[in-house]
Amino acid sequence: MNSPNKKTIKTDILIVGGGGAGMFAAIKAKEAGAEKVTLVTKGKFGMDSVTKFAAGVLDVVTPDDNREEEFKIRHLGDGWGAGLSDEEWVWIRVNEGYDRFTELMSWGVEFKKGPDGKIERLPMKRDAKKAMFHGTDLSAVMARETKKRGMEVIEHTMVTDLLTEGGKPGSRV
């Protein structure tokens with residue numbers, strides 16, 4: 001079926017989804033040297049994802065935390081998947097998450113601080129400590145950082161099919 005809204009896009013990297021993961025992937029693709037990165041989102045960019053409704057909390061493991069214990073909480077905890085999670089990815093989250101957290105702070109996400117000036121983390125779901133940020137700052141800051149890097153953002157577009165080449169995602173959508 002031909003669509004009157006059909007558009008051909010030439011890009012090095014296509015990101016489908018304008019939430020936190022999509023924006024972060026777009027930023028990292030650009031930092032890795034991709035010349036043209038295009039992000040497609042179903043609604044208004046920075047406003048239409050679950051990230052927008054993150055309730056002001058971010059799970060973070062700090063360098064001071066016991067990595068083994070934090071891994072157990074996130075991998076084995078019954079509120080986290082009870083051992084069904086991919087261990088490798090849980091370790092990546094535990095070991096690299098703080099770097100992403102400090103990156104968010106460097107971009108301007110403001111996290112709640114205690115009287116001592118340190119980021120305050122509150123115990124929440126199944127013993128994990130969460131950092132609190134202000135309202136919808138996370139989406140707004142990530143959208144700003146994505147735009148600042150010169151990525152093309154296509155709003156109000158639903159991707160319903162991808163063309164493939166040899167059974168794998170192709171170079172065309």
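**Entry 1: ground rules**

For sorting residues, I count Ala, Val, Leu, Ile, Met, Phe, Trp, Tyr, Cys and Pro as nonpolar, Asp, Glu, Lys and Arg as charged, and the others, Gly among them, as polar. I am working on a predicted model, where local features need pLDDT of at least 70 and side-chain atom pairs count only at pLDDT 80 or more, while totals for chains, interfaces and linings use all residues. Residues are numbered from 1 along each chain as its sequence is written, and side-chain values use heavy atoms, with hydrogens and water left out.

**Entry 2: overview**

I began with the secondary structure and found four helices and eight strands. Here helices (H or I, at least four residues) and strands (E, at least two) are DSSP runs, numbered from the N terminus. Along the sequence I read the pattern β-α-β-β-α-α-β-β-α-β-β-β. I then looked up burial: of the 173 residues, 34% count as buried. Buried means under 20% relative accessible area, exposed over 50%, and partly exposed in between, with a 1.4 Å probe and protein chains only. For contacts (heavy atoms within 4.5 Å), I took residues at least 6 apart in sequence, and 60% of those contacts join residues at least 24 apart.

**Entry 3: the parallel sheet**

Next I followed the open sheet β1-β2-β6, three strands with parallel pairing. Two strands pair if DSSP finds at least two bridges between them. I see β1 (13-16) and β6 (152-154) at the edges with a single partner strand each, so one side of each has no neighbour in the sheet. The twist averages 20° from one strand to the next. For angles, axes are lines fitted to C-alpha atoms, for helices over the stretch in contact, and the values run from 0 to 180 degrees between N-to-C directions.

I checked the pairing of β1 with β2 (residues 37-40) and found four bridges in the parallel sense. L14 has T38 in β2 as its bridge partner, and V16 has V40. Is β2 covered on one face or on both? On both: V37 and L39 are buried on one side, T38 and V40 on the other. Helix α1 (residues 20-31) lies across β1 and β2, and I noted that the helix runs at about 175° to β2.

**Entry 4: the antiparallel sheet**

I moved on to another open sheet of three strands, in the order β3-β5-β4 with antiparallel pairing. Its edge strands are β3 and β4 (121-123), each pairing on one side only. Here the twist averages 40° from one strand to the next.

How many bridges join β4 and β5 (residues 129-132)? I found three, in the antiparallel sense, with K130 in β5 as the bridge partner of L122. β3 and β5 also pair in the antiparallel sense, over three bridges, and there V57 stands opposite M132 in β5.

**Entry 5: the second largest pocket**

A pocket search uses a 1 Å grid over the protein atoms alone: a cavity is a set of points where a 1.4 Å probe fits but cannot get out, a pocket is an open set with protein on both sides within 12 Å along at least five of seven lines, and lining residues have an atom within 4 Å of a point. Grid points are joined across faces, edges and corners, and a volume is the space filled by probe spheres set on the points.

I looked up the second largest pocket and got about 610 Å³ of space. Its lining has 19 residues, and L58, D59, R93, R100 and L104 lie nearest its centre. The elements giving two or more residues to this lining are α1, β3 (57-59), α3 (87-107) and α4 (137-148). Which element gives the largest share of the lining? That is α3, with six residues. By type, I sorted the lining into 11 nonpolar, three polar and five charged residues.

**Entry 6: two loop residues**

I stopped at G46, in the loop between β2 and β3. At 6% relative accessibility, G46 counts as buried. Leaving out residues up to four places away in sequence, G46 touches K52, S139 and A143. G46 and T146 are 100 residues apart in sequence, yet I read 9.7 Å between their C-alpha atoms.

My last stop was H156, in the loop between β6 and β7 (164-165). Most residues other than glycine have a negative phi. H156 is not a glycine, and I read a positive phi of about 55°. H156 is exposed, with a relative accessible area of 56%.
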